[in-house]
Amino acid sequence: KFRGKSGGKDYEVNIEFFKSVDAKDSTYKVLPRSVQMCVMKQKSEEGADDDEEEFWPRLLKDKALEKNQVKIDWDRYVDEDEEEEAGGFDMSALEGGMGMGGMPGMGGMG
């Protein structure tokens, strides 16, 4: 759940991801007209089939909410294969952001 206030008006969105995320390693940055998030997937348990565990067909459980409320910045998107080749995900664009663990009401993320 994310809550904010702008111009005396309250806003709220309840984000339910497709599967569990790693709130500790995920980050967010509040911008004037949006909130940028770098959402990290929860690591699979030992012995689980990694290929099946890692793939998500979409970001959110609710397709309609994702279609209307989530915008993917494809300029910053890094495929998992490309991430490994480049030596990891570059989070420099989110510098100054905060860990999701500190977001109020985000306790149910993990």
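Let's start at Arg3, which counts as exposed at 57% relative accessibility (buried means under 20% relative accessible area, exposed over 50%, partly exposed in between, with a 1.4 Å probe and protein chains only). This is a predicted model, where local features need pLDDT of at least 70, side-chain atom pairs count only at pLDDT 80 or more, and totals for chains, interfaces and linings use all residues. Residues are numbered from 1 along each chain as its sequence is written, and side-chain values use heavy atoms, with hydrogens and water left out.

The side chain of Arg3 meets that of Glu12 in a salt bridge, 3.2 Å from N to O (a side-chain nitrogen of Lys or Arg within 4 Å of a carboxyl oxygen of Asp or Glu). Glu12 is partly exposed, with a relative accessible area of 48%.

Strands S1 (residues 2–6) and S2 (residues 9–13) run antiparallel and are joined by five bridges (strands pair if DSSP finds at least two bridges between them). Ser6 has Lys9 as its bridge partner in S2. Two residues sit between the strands of this hairpin, and Gly7 takes a positive phi near 60°.

Another salt bridge brings Lys5 together with Asp10, their closest N and O atoms being 3.9 Å apart. Lys5 is exposed at 62% relative accessibility, and Asp10 is exposed with a relative accessible area of 57%.

## Links across the chain

The whole structure holds three salt bridges. One of them pairs Lys61 with Glu16, with 3.5 Å between the closest N and O atoms. This pair links distant parts of the chain, 45 residues apart: Lys61 lies in the loop between H1 and H2, Glu16 in the loop between S2 and S3.

There is also one aromatic pair (ring centres of Phe, Tyr and Trp, the last by its six-membered ring, within 6.5 Å; planes under 30 degrees apart count as stacked, over 60 as edge-to-face and the rest as tilted). The rings of Phe18 and Trp56 have centres 6.3 Å apart and planes at 45°, so the pair is tilted. Phe18 lies in the loop between S2 and strand S3 (27–30) and Trp56 in the loop between helix H1 (50–54) and H2, so the pair ties together parts 38 residues apart in sequence. Trp56 is buried, at 13% relative accessible area.

## The overall picture

The protein has three helices and five strands (DSSP runs numbered from the N terminus: helices are H or I, at least four residues, and strands E, at least two). From the N terminus on, the order is β-β-β-β-α-α-α-β. Of its 110 residues, 15% count as buried.
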